[in-house]
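Hello,

Here is the structure I promised to pass on. Please look it over first; my notes follow.

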Amino acid sequence: MATSPPASASTVGRSVPRTDGPPKVTGASRYVDDIPAMPGEIFGRTVRSPVPRGILRGVRLDPAFDWSDVTVVLAEDVPVNVVALILDDQPILATGKVNHAYEPIVLLGCADRLKLARAVQAVALDIDPLPPVLDARAALDGGEIIWGADNVIKRYLITHGCADAARERGEASEAAIDAALARCEVVVTGTYASHHQEQLYIEPQGVIAWWDEAGAHATGSIQCPFYVHKAFLKAFGLPPDRIHITQSVTGGGFGGKEEYPSIIALHAALLARKSGRPVRMIYDRTEDIEATTKRHPASCEITSGCDRDGALRALKIRILMDGGAYATLTQVVLSRGALHAAGAYRWDDVWIEAAAVATNTPPNGAFRGFGAPQTIWAIERHLDRVARELGCDPLDLKAKNVLRPGDSTATGQVLRVSVAGEECITRAIAASGYRQKRAAGPVVRGRVARGIGLSVFMHGAGFTGSGERYYKGKVALDLAPGGRLRIRTASTDIGQGTETVFRQIAADAAGLPLDRVEFAVPCTTTVPDSGPTVASRTVMVVGSIVEAAARELASRVRAEQAGQEPGAGEGDGGAAAGPPALSFEEAADRLLAREGQVTSLKQYEPPDYVRWDDEAYKGDAYPCFGWACDVVEVEVDLDTFEVTVVDFWSATDVGKAIHPVMCKGQIEGGSLQAIGWALSEEIVWQGGRIKNPRMTNYIIPTSLDAPPFHVVLVEEPFPFGPGGGAKGIGEMPMDGGAPAVAAAIEHATGIAARALPLTPERLLEAAWSAGRGERL
Amino acid sequence: MKVSLVVNGSPREVDLPPLSRLLDALRGPLGLTGTKEGCAEGECGACTVLLDGDPVNACLVAIGQCEGRRVTTVEGLACAGHLSPLQRCFVEEGGAQCGICTPGMLLSAEALLARSPDPSELEVREALAGNLCRCTGYQRIVESVRAAAALRRGGGGAAP
């Protein structure tokens, strides 16, 4: 037996077969609805408000209906009627008033699915409708107050340069930025809007909940098991060790399964508590689209000033986001939007005011990019306009001003490490032939015009500011018999490959082959709280804890091999003089026999240099950023205004690609989500209700709508990242697709769209406006 | 209504109302949960199975239509415990991410390769256009299918 594997066993940077692949391709993986029925199990359903706003007078159960085998849960059955999140403003079941269409009011449970469907029809809701506020602008104006004192969920102000100095002097920062803008040679103003987007994971939301002597259990399609755990703590008042939340194999999330599963899990658990039986709640597609969270719509009003030669000087942005009826994660989404609003560029003076308001629409929430795609859409479109004003190519304007090492961002963060904006631009331009294609002008053949456009962007890697210090994410690694390692973490694999990548990181850190590392199912009873599976932090942050724990565990075994105290002979094996007397496996088993349990529990330590002021919104918003440049080539049908994306290049800086194939898969998949957001995905509203809550009429891209993707992985290592410098990649690909598509459409047709989605109808409208001489 | 059908090569019988969905028969009494439900209206393709060799959405097929017919599900693709070339390539080339669309994708791809052993990229994209994936951007899936086609032509792995 080899005592320690040779260096060639290293798997970081190699595209090993994904470890959860075989069960997924054979159908053996158990997603929540594949889990066999438990004895006595019943199904759960939700009765929801048909109106967006009103006073709930009462609930009537049809006396002619046989309710004998139907469990009914009302708000009065809920111990503490709050979905615990940031502001605790959302009830588990509505009571007294209704704040959005599809708000849950009554829960029903029954063993017979058909009868359950009839039972839903036998519930009458007595609601006096009130005039709803369905538009963020109307909410901000405050004609009707539906949330707090003024409908405003959160505000932020970010200032830099003269606006900052004015603030410090106690003067009006807005006046200071206005004065700075007035001094600029070229001033451009525009408003850029973006819309709701549905996550549309292919597996709908679902949970199975039950109670037993150990307490409350829920298993389901969940991104962040500890969010659900926290929600149960609040709602049921149970001690932490009597709540058991387990992730089942999860069919996609994209943020949609970050905070929402708390609600469906609470509902199932309430029905289970009252009925005394296990409850299975699986949403159908319509309920899933109607009731669950979506991307926040946003409007960004931008005024910028620059020199005639294109040096960017002053930037003023007003962001307004629509949070929907309850706060959910809105304040965090707004923060991320504001932090990315200045783009990947250097400005002397910045003033960014961001506000999020409540409306009587279903609550918006986490979605890949988390506020940044909305503001990056705006700043990228705006800079395209500035370039037009200056008579230069957007590429030249963006390349001239892109942040470089030593520059500082809008929050005053000096970029010290892993800065790759220029490199990404260079690589994307070379791969795509952007310059030649752009210079050749729009190519018109028959009724089809072809054009090319680009976007440049950066995305904060890991949590913002003091997030990691607050979360104190932990990972445990156990030594298992035979010299195996078992990773215990709350970071879930929802398709992105966490399980495989963590195994690679741990195997490399311990100097073991990949198949010696196991990944434990994330269950709040058995894994430490690693923080949520969000914000591009999984690989960069949690992966680095995995790495540290694996290193420590392996060194303990190697010390045992060498008969030393741990830490004394840390040379990653092989370096010690002479072969050890014991193999790694034998040493591990001896250590286990002696100590019973051998575990390394590690907590994340953010890099020392990260300094963030939450009050002033100043400092190191992120430990570092990921960088990218997307180039898109489109064809526009000049009769129908249908847009086909014919090619997509992305040069994305990932720090270090632990698994290049999965890394590219993330970038391609996220980019296609961005193309969908740009071109076809649209929630159609009517009176606060969704007109298209089906896959038939909410249109996401198919394989024929997807362009060939040409991904260039740029690796500018983050010194504190695992595996030799990995940064997060999950969110970035959502950021740049929409503005690049819009820029390419503009190149092809001259239509400079400023509102998403770029449907044929909207492009036609823009063309008409241009034809009437209206300024776009 | 009793319906006899051949599922993954084995004769099976179910007793269900004739308008029950094939999807429910598979996931329920037949115990084959590899076939997934994504939308229940024939749009997402997650429930794709082969009916006498042709890909169909199992959510749109009534069990009453299946008397005497052959159904192939994802559970029928592996041969004697060995992954088929398509399955192997989906694992190795990144074709599967969250995996929920994968069973349906595999069967649409299987039907394609049965009729076109050396498909062009466009042919692959056309064959998979009824199977929605929200994770991959399709690129890895298309590459997985083309890699599997090459593997099959080269005699690697057993075709089911």
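**Cores**

The largest nonpolar core has 212 residues. The residues with the most contacts inside it are Phe232(A), Ile319(A), Ile352(A), Trp627(A), Leu758(A) and Leu22(B). Helix α7 (residues 261-275) of chain A gives the largest share of this core, nine residues.

A nonpolar core is a set of buried Ala, Val, Leu, Ile, Met, Phe, Trp, Tyr and Cys residues joined through side-chain atoms within 4.5 Å. Buried means under 20% relative accessible area, exposed over 50%, and partly exposed in between (1.4 Å probe, protein chains only). Helices (H or I, at least four residues) and strands (E, at least two) are DSSP runs, numbered from the N terminus.

**Basis**

This is a predicted model: local features need pLDDT of at least 70, side-chain atom pairs count only at pLDDT 80 or more, and totals for chains, interfaces and linings use all residues. Residues are numbered from 1 along each chain as its sequence is written, chains are lettered from A and ligands numbered from 1 in the order in which they are written, and side-chain values use heavy atoms, with hydrogens and water left out.

**The interface of chain B and chain A**

The contact (heavy atoms within 4.5 Å) takes 49 residues from chain A and 41 residues from chain B. Together the two chains bury about 3,600 Å². Carbon and sulfur atoms account for 57% of it. Buried area here is the accessible area (1.4 Å probe) that two parts lose on being put together, summed over both. Val91(B), Gln97(B) and Arg134(B) supply 22% of the area that chain B buries against chain A, more than any other three residues.

The rule finds 28 residue pairs in polar contact across this interface, both residues at pLDDT 80 or more. A polar contact is a pair of N or O atoms within 3.5 Å; within protein, one must be able to donate a hydrogen and the other to accept it, and residues adjacent in sequence count only if both atoms are side-chain atoms. On the side of chain B that touches chain A, the elements giving two or more residues are α2 (85-92), α3 (102-115), α4 (121-127) and α5 (139-153) of chain B. α2(B) gives the most, with four residues. By class, this side of chain B has 18 nonpolar, eleven polar and twelve charged residues. Ala, Val, Leu, Ile, Met, Phe, Trp, Tyr, Cys and Pro count as nonpolar, Asp, Glu, Lys and Arg as charged, and the others, Gly among them, as polar.

**Salt bridges**

A salt bridge is a side-chain nitrogen of Lys or Arg within 4 Å of a carboxyl oxygen of Asp or Glu. By this rule there are 65 salt bridges over all chains. Six salt bridges cross the interface of chain B and chain A.

- Glu681(A) and Arg134(B) meet at 2.7 Å, N to O. Glu681(A) lies in the loop between α18 (660-679) and β26 (685-686) of chain A and Arg134(B) in the loop between α4 and α5 of chain B, so the pair joins two chains. Both Glu681(A) and Arg134(B) are buried.
- Lys36(B) and Asp34(A) meet at 2.4 Å, N to O.
- Arg404(A) pairs with Glu422(A), with the closest N and O atoms 2.9 Å apart. Arg404(A) lies in the loop between α11 (394-401) and α12 (421-432) of chain A and Glu422(A) in helix α12, so the pair ties together parts that are 18 residues apart in sequence. Arg404(A) is partly exposed at 23% relative accessibility, and Glu422(A) is partly exposed at 37%.
- Arg21(B) and Glu37(B) meet at 2.8 Å, N to O. The pair links distant parts of the chain, 16 residues apart. Salt bridges that share partners also join Asp33(A), Asp34(A), Glu41(A), Arg280(A), Arg27(B) and Lys36(B) into one network.

**Two loop residues**

Thr524(A) sits in the loop between β20 (517-519) and α16 (538-562) of chain A. Thr524(A) counts as buried, at 9% relative accessibility. Beyond its neighbours within four places in sequence, Thr524(A) contacts residues including Pro225(A), Phe226(A) and His229(A).

Pro18(B) is in the loop between β2 and α1 of chain B. Pro18(B) is partly exposed, with a relative accessible area of 41%.

Best wishes
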